[in-house]
Amino acid sequence: MATEPVDVLLIGPPKPTIVNGLAPFTVHRLADAEDRDALLKQIAPRVRGIASSVTSEKIDGALMGKLPRLEILATFGVGYDHIDVAFAAAHGITITNTPQVLTEEVADTALGLLLNTVREFPQAECYLRAGKWTERAYPLSKATLRDRTVGMVGMGAIGQAIARRLDGMLVPVVYHSRRPAAVRYRHYPKLLDMARDVSTLLVITPGGAETRNLIDAQVLAALGPEGILINMARGSVVDEAALIKALKDKTIMAAGLDVYLHEPQVPAELIAMDNVVLFPHLGSASVHTRTRMDELVVDNLLAWAAGKPPLTPVPETPWPPKPPA
Ligand code: 8YV
């Protein structure tokens with residue numbers, strides 16, 4: 001730890017693990033500021049680090065640009081599409097995220113969402129709770145994993161953890177990603193080709209401009225009437241209006257969603273449908289895993305402040321940072 005106290009801006013709620021972990025720093029909480037601009041102006045000459053405790057707050061170039069001494073931005077979450085990474089890279093600011101510690105948890109959740117959607121378990125439970133089982137048995141599920149191949153959209157660390165689980169369940173896996181990964185599953189360079197060949201798509205790819213509306217009306221049409229879409233990535237990856245239409249028109253059979261375009265708002269049309277399973281962004285949401293993610297936010301800042309390499313810089317801002325152009 002440097003001898004001089006280092007000033008850090010905390011963006012997002014003051015989670016205890018993060019607040020306690022940041023004790024060696026002089027922390028300024030943006031969430032507490034009545035006038036955010038006034039706070040930023042006041043602390044700008046001193047702030048060298050940002051800790052972000054959520055992925056739901058956008059951190060753009062305009063904000064980072066107000067902090068001329070900013071060196072590092074440590075965010076909670078493996079996804080960092082809430083941050084203007086291009087701005088950070090161009091200004092020598094290192095971004096760190098919280099990969100690895102959440103991989104198995106998110107993969108568990110993905111399997112839960114897949115099974116719930118394919119076999120209608122939440123609907124069946126509602127049926128029991130409504131006292132209908134005494135009248136007649138819940139109908140057999142129309143879909144099963146027994147005759148499905150899962151087409152993964154994305155094959156990063158979490159995608160691979162999901163695929164391993166599917167291996168154990170004897171469900172064939174193929175995948176689409178821009179570049180083939182070092183895995184033994186069949187790679188489809190074109191998403192549309194994969195969507196034609198499989199009946200289940202499981203989306204686990206980073207959000208952001210490059211994947212916006214990747215799952216569009218054409219892909220959903222290619223998936224077809226037996227089609228089931230599972231989205232564990234970001235709401236932005238799926239054209240939400242096209243999905244709602246495809247579900248209404250029975251262009252596809254069902255969807256399981258953990259993420260939405262305007263969280264925590266979920267379109268009323270989706271809520272009204274009985275062929276969708278809706279999770280409130282649960283991917284990594286256990287006390288166990290969220291604590292590890294919060295700790296990694298802190299550990300990245302502590303390593304940097306001690307003059308060591310941050311633990312998990314994102315690929316776009318490798319350590320040591322390039323000096324600003
Ligand atoms: C969180 C996530 O559930 O790490 C991510 O990128 O999406 C999840 O781990 C999410 O950040 C909650 O807002």
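How do the residues of the shell around the ligand divide into nonpolar, polar and charged? They divide into 4 nonpolar, 5 polar and 2 charged. Here Ala, Val, Leu, Ile, Met, Phe, Trp, Tyr, Cys and Pro count as nonpolar, Asp, Glu, Lys and Arg as charged, and the others, Gly among them, as polar. This is a predicted model, in which local features need pLDDT of at least 70 and side-chain atom pairs count only at pLDDT 80 or more, while totals for chains, interfaces and linings use all residues. Residues are numbered from 1 along each chain as its sequence is written, and side-chain values use heavy atoms, with hydrogens and water left out.

- Residues around the ligand (a heavy atom within 4 Å) include Phe-76, Leu-102, Arg-234, His-281 and Arg-290.
- The protein buries 86% of the 330 Å² that the ligand exposes when taken alone (Shrake-Rupley method, 1.4 Å probe).

**Sheet**
- An open sheet with parallel pairing is formed by 7 strands in the order S8-S7-S6-S9-S10-S11-S12 (strands are DSSP E runs of at least two residues; two strands pair if DSSP finds at least two bridges between them).
- Strand S8 (186–188) and strand S12 (276–278) are the edge strands, each pairing on one side only.
- Strand S11 (residues 254–257) pairs with S12 in the parallel sense over 3 bridges, and Leu-257 stands opposite Leu-278 in S12.

Key: Helices (H or I, at least four residues) and strands (E, at least two) are DSSP runs, numbered from the N terminus.
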